[in-house]
Amino acid sequence: MDQEKQRRLRILPAVHEVISRLEQDDEFKPFLTNDRQLSRLTQAVRQVLQKARENVQLNLTDSFAAYEVALWPWLKTQLLQELTHRETSLRRVINGTGVVLHTNCGRALLAPEVASFVAEQAGRYSNLELNIVTGERGSRYVHVEALLCHLTGAEAAMVVNNNAAAVLLMMNTFAQGKDVIVSRGELVEVGGSFRIPEVLKAGGAKLVEVGTTNKTWLRDYEAAIGPETSVLLKVHTSNYRVEGFTHSVSGAELVELGETRGLPVMEDLGSGSFFDGTILGFPLEPTIQQTVKAGLSLVSFSGDKLLGGPQAGIIVGKQEYIKRLKANQLTRALRVDKLTLAALEGTLRLYKDGGVEDIPVWRMLSLSLDTLKSAAAELVEALQPNSAISVELKEDLSQVGGGAWPTVDLPTWVCTIRPIQGSVIELESFLRLGPVAILARIHKDRVLIDVRTLLSGDREDIIQRLGQLES
Ligand SMILES: *Cc1c(COP(=O)(O)O)cnc(C)c1O
């Protein structure tokens, strides 16, 4: 082994040295309150030191000087990560980013009463596929179908695993081996893995692009229709906007064209909302009901975006088309679990029975600036005595997220935190690596916590974590 490696290995501390140093460190106090924890810490120290030795062996370290300086902070970070990794892999996270539909944090939250309905259904037998009246086998979809028809005004409805599956199923059922016409302005990629051209291909359909990036006219669709055409597809440009000189063809116009040529028109609405966003000052976008009313054969949207329910792909439309989707073998492969159905039924009932303010997505989106300001001010006030940080109340912007209303910036209030010692990068990871992961935004030399997306109990955990910085 070369001398450089030897030298690096030699300065690694012994297990007992690390432990005694950690015993003086407030950050590690919560992990050192009893013997069981001490043995867990010892085990973690062994693991991390082993990892350090491996890094040296693999030549993954910097120059000796840089390695020496970074060694202790590195060991600490690794240990905290090791210790905060609880028994479960899925853990609670505090979302201080202000992104309401945060894809990395599970998108939409369920309303509390919906969550308890799901928990109840999870631990008990149910009539998932049982017709209680006749005692015969029933369909799992009946639990949400009538609700979906009632809320959207559609003739029929069904639910699959997610909206990507919904589009795949529609294409596979109606366009396999045939042409699908889509505007070049609507060939979207969402979240890096859902790409319209690829989903069409996976469904066995051939994409026929019409128009240009910024302008597509009805005559473009008309000219592209041929003997192989099976579907005219519209896709919501969820996560981007083309501004300036633009033109797109509405669903209603396409339906008119489809009728004269005997072709179904389908739309991937992406997020899809039962509400007109203008009530919150957002730009006008057609609601699910308006889209259905335009006469499209099928309309699909996500369950866990603006709807505020579980991950699901909802398809509504004409009875004859839904019937054919249900008969496709793929439907069995894309079917939803009972927990999804419970969450969806619960959420749809809130829309039907007037409990929308209990749906977290809508509650968070409609918080008033006054409410946000006083919540942020309370957090700032509670953190003021903390000598390790300097805090300020500031105005900022939240985001809807989830590819919905990408151009909307929601005015909000944040608590900004500057560390007295160390860098803002270190502070961000200190928050993220605590007993409960706290996600915050970094802006210049400060960490920002947006109160819009905080839930009850989150504030106390943030205060406690930052308290550990004081010594
Ligand atoms: C989000 C989105 C999808 C994918 O929906 P998932 O439910 O995440 O599968 C598909 N199309 C559009 C336009 C979207 O915005």
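The second largest cavity holds about 40 Å³ of space. A cavity here is a set of points, on a 1 Å grid over the protein atoms alone, where a 1.4 Å probe fits but cannot get out, and lining residues have an atom within 4 Å of a point. A volume is the space filled by probe spheres set on the points, with grid points joined across faces, edges and corners.

Before going on, note that this is a predicted model, in which local features need pLDDT of at least 70 and side-chain atom pairs count only at pLDDT 80 or more, while totals for chains, interfaces and linings use all residues. Residues are numbered from 1 along each chain as its sequence is written, and side-chain values use heavy atoms, leaving out hydrogens and water.

Let us look at the cavities together. The structure holds two cavities of 30 Å³ or more. The largest cavity is lined by 14 residues, and G272, S273, E285, P286 and L306 are the closest to its centre. The second largest cavity is lined by F31, Q37, R40, L41 and L83. Helix 3 (residues 35-57) gives the most to this second lining, with three residues; helices are DSSP runs of H or I of at least four residues, strands are runs of E of at least two, and both are numbered from the N terminus.

| Cavity | Volume | Lining by class |
|---|---|---|
| Largest cavity | about 120 Å³ | six nonpolar, seven polar, one charged residues |
| Second largest cavity | about 40 Å³ | three nonpolar, one polar, one charged residues |

In these classes, Ala, Val, Leu, Ile, Met, Phe, Trp, Tyr, Cys and Pro count as nonpolar, Asp, Glu, Lys and Arg as charged, and the others, Gly among them, as polar.

Now for the domains, whose bounds come from an automatic or database domain assignment. The protein chain is divided into domain 1 (3-84), domain 2 (93-104 + 363-467) and domain 3 (112-356). The largest cavity lies between domain 2 and domain 3, because both give residues to its lining. The centres of domain 2 and domain 3, taken over C-alpha atoms, are 34 Å apart. Their contact (heavy atoms within 4.5 Å) takes 12 residues from domain 2 and 14 residues from domain 3.

T453 counts as buried because its relative accessibility is 3%, and buried means under 20% relative accessible area (1.4 Å probe, protein chains only). Not counting residues up to four places away in sequence, T453 touches N95, G96, T97, G98, V99, V100, M364 and D458. The side chain of T453 reaches the backbone nitrogen of G98 at 3.1 Å.

Notes. Buried < 20%, exposed > 50% of the residue type's maximum accessible area, 1.4 Å probe, protein only. Polar contact = N/O pair within 3.5 Å; in protein donor to acceptor, adjacent residues only side chain to side chain. 1 Å grid on protein atoms, 1.4 Å probe; cavity = no way out; pocket = protein on both sides within 12 Å on 5 of 7 lines; lining within 4 Å.
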